[in-house]
Amino acid sequence: MKINFMLEHGENRGLYHTETEKLEVFPFNHENIEDLLCTIIHETIHFAIDKADETIDSSEEERIIFRMQWAPEWLI
């Protein structure tokens, strides 16, 4: 897995490309470093799910990642 920081503005915060196993992260689209780290973690989880060879659709994958990232807040 490689991470490319894209110094562009747009609507994307981060992307994972399965065919190249690369993450693209757009720092200018984040409010602070914590927000940026959350995007990197989010895209890394996409990579992990891809490597686990799971067969789930993209909306289910997004729900799983959302729940994983918010679990610490919900458990307090």
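**Figure 1. Pairing of strands β1 and β3 in the predicted model.** Strand β1 (residues 2-5) runs parallel to strand β3 (residues 22-25), the two being joined over 4 bridges. Strands pair here if DSSP finds at least two bridges between them. Phe 5, placed in strand β1, has Val 25 of β3 as its bridge partner. The elements are DSSP runs numbered from the N terminus, with helices (H or I) of at least four residues and strands (E) of at least two. The model is a prediction in which local features need pLDDT of at least 70 and side-chain atom pairs count only at pLDDT 80 or more, whereas totals for chains, interfaces and linings use all residues. Residue numbers start from 1 along each chain as its sequence is written, and side-chain values use heavy atoms, with hydrogens and water left out.

**Figure 2. The hairpin of β2 and β3.** Strand β2 (residues 14-17) pairs with β3 in the antiparallel sense, over 4 bridges. Tyr 16 has Leu 23 as its bridge partner in β3. Between the two strands of the hairpin are 4 residues, and Glu 21 adopts a positive phi near 55 degrees. On β2, Gly 14 and Tyr 16 make up the covered face, while Leu 15 and His 17 make up the uncovered one.

**Figure 3. A nonpolar surface patch that includes Phe 5.** Met 1, Ile 3 and Phe 5 form this patch, with about 270 Å² of accessible area together. Patch members have over 30% relative accessible area and no salt bridge; like charges are joined within 9 Å, and nonpolar side chains (Val, Leu, Ile, Met, Phe, Trp, Tyr) within 5 Å. Accessible areas come from the Shrake-Rupley method with a 1.4 Å probe, and for residues only the protein chains shown count as cover. Phe 5 is partly exposed, at a relative accessible area of 45%. Buried denotes under 20% relative accessible area, exposed over 50%, and partly exposed the range in between (1.4 Å probe, protein chains only).

**Figure 4. The salt bridge between Arg 13 and Asp 35**. The closest N and O atoms of Arg 13 and Asp 35 are 2.3 Å apart. Arg 13 belongs to the loop between β1 and β2 and Asp 35 to helix α1 (residues 33-51), so the pair ties together parts that are 22 residues apart in sequence. A salt bridge requires a side-chain nitrogen of Lys or Arg within 4 Å of a carboxyl oxygen of Asp or Glu; by this rule the count is 2 salt bridges. Arg 13 is partly exposed at 33% relative accessibility, whereas Asp 35 is buried, with a relative accessible area of 17%.

**Figure 5. The salt bridge between Glu 21 and Lys 51**. In this pair the closest N and O atoms are 2.4 Å apart.

**Figure 6. Helix α2 and its kink**. The end C-alpha atoms of helix α2 (residues 58-75) are 26 Å apart, in agreement with the 26 Å that its 18 residues should span at 1.5 Å a residue. The expected span is 1.5 Å times one less than the number of residues. A kink of about 40 degrees lies at Gln 69, shortly before the proline Pro 72. The bend at a residue is the angle between axes fitted to the seven residues ending there and the seven starting there.
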